[in-house]
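This report describes one protein model for a reader who has not seen it before. Please look over the sequence and the structure, then read on.

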Amino acid sequence: MAALGGIAAATSKSWASTVAENTAAANGLTIHFLGTGAAGKNMSKDAPNYRRRSSIIVDGKFFIDLTETVLDMVPSERPDTIFYTHSHSDHFEPATALKMGIKTIYLSNTWYDIASQAFQKAAKESSLPMPTIIPIATCSSVKIGDITITALPANHPTNYTFEQSLIYLIEKGGVRLLYATDTSGIPGVAARFAGIDKHKPGKPITALIMEATMGVGHEDDFRIFAHSSVATVAQTAKVLKETKRYTPPAGQPVYITHMSAGLHPANEQLPAPLKKAEDGLKVVFVAP
């Protein structure tokens, strides 16, 4: 069915098959989930709970993260720009980006040199041209067409001591989407610069996509220091909504992504308003 106000669209149906969908896509912010899984044990694609690594396309204009696992989900008309959240290999694969013809890359300035070296190596091995890599400072913004992307600090360490992982605030018109993966909760600095810190005047977000590496019944997993659980996301959404820092259109879910196959029980029941994103899902977020 159509994806209006955050309701799921069937992936087998043309995204522009009706006038209503065209209107929604023009006025809203379209998110195409290519993959919704977390790193972990390699699984067969035939497994019932198989998920590709987390990656999205935003409004057809740019990727956030990209790995080989999602290549079968990438549309033929694809963007040539990518924003990376961090350097972990389930999000960052230079060889795959080169194969996909990526020309422009944005990532945290805290690991620019590391990323540049990795891309130079991959470009030499593949004989493909180097993309332009643009370092961005934490809490700074970039404009891509009519979309503003603000890089915010995540709570997610990597192998590089001084690397700052990122989550992103994505704004288009009245839509303000917080895309938060990978991170353990929403850090205070990120909340403040996103405008959702109760202690400072701000502007509410209207949509939330947040990682839930750990599922229901796995809240005590050790990954809590670097990842979020279903309970974390539910509490985050509850507090933000009660304090009017999250004001979604009626009926719009909070989508969870970056789900570990081994940490989400079969037939898992999520608390409202949480909903699992699925590989291939397209959603249009509209302003309330």
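## An exposed glycine

Gly-251 has a relative accessibility of 63% and so counts as exposed; the term exposed applies over 50% relative accessible area, buried under 20% and partly exposed in between, with a 1.4 Å probe and protein chains only. The residue is found in the loop between α5 (230-242) and β12 (254-257). Its C-alpha atom is 8.1 Å from that of Pro-273, a residue 22 places away along the chain.

The model is predicted: local features need pLDDT of at least 70 and side-chain atom pairs count only at pLDDT 80 or more, while totals for chains, interfaces and linings use all residues. Residues are numbered from 1 along each chain as its sequence is written, and side-chain values use heavy atoms, with hydrogens and water left out.

Helices (H or I, at least four residues) and strands (E, at least two) are DSSP runs, numbered from the N terminus. β11 and β12 run parallel and are joined by three bridges; strands count as paired if DSSP finds at least two bridges between them. Glu-211 has Thr-257 in β12 as its bridge partner. From β11 the chain passes through α5 to β12, a β-α-β crossover that is right-handed. Right-handed means that, with the strands pointing away from the viewer, the path from the first strand over the helix to the second runs clockwise.

β12 is also joined by three bridges to strand β13 (residues 274-276), again in parallel. Here Tyr-255 has Lys-275 in β13 as its bridge partner. β12 is covered on both faces, with Val-254 and Ile-256 buried on one side and Tyr-255 and Thr-257 buried on the other.

## A buried serine

Ser-228 lies in the loop between β11 (207-211) and α5. Its relative accessibility is 0%, so Ser-228 is buried. Leaving aside residues up to four places away in sequence, Ser-228 touches several others (heavy atoms within 4.5 Å). Among them are Thr-183, Ser-184, Glu-211 and Val-233.

## The seven-stranded sheet

Seven strands make up an open sheet with mixed pairing, in the order β6-β5-β4-β3-β2-β1-β14. β6 (132-136) and β14 (282-285) are the edge strands, each pairing on one side only. From one strand to the next the twist averages 25 degrees; axes are lines fitted to C-alpha atoms, for helices over the stretch in contact, and angles run from 0 to 180 degrees between N-to-C directions.

Strand β1 (residues 29-35) pairs with β14 over four bridges in the antiparallel sense. His-32 is placed opposite Lys-282 in β14. α3 lies across β5 and β6, and runs at about 165 degrees to β6.

## Aromatic pairs

How many aromatic pairs does the structure hold? There are eight aromatic pairs. Rings of Phe, Tyr and Trp (its six-membered ring) pair if their centres lie within 6.5 Å; planes under 30 degrees apart are stacked, over 60 edge-to-face and the rest tilted. Phe-83 and Tyr-168 form an edge-to-face pair, 5.6 Å centre to centre with 80 degrees between the planes. Because Phe-83 lies in strand β4 (residues 81-83) and Tyr-168 in strand β9 (residues 166-172), the pair ties together parts 85 residues apart in sequence. Phe-83 is buried at 0% relative accessibility, and Tyr-168 is buried with a relative accessible area of 0%.

Phe-92 and Trp-111 also form an edge-to-face pair, 4.9 Å centre to centre with 85 degrees between the planes. Both Phe-92 and Trp-111 are buried. One aromatic cluster is formed by Phe-62, Phe-83, Tyr-106 and Tyr-168.
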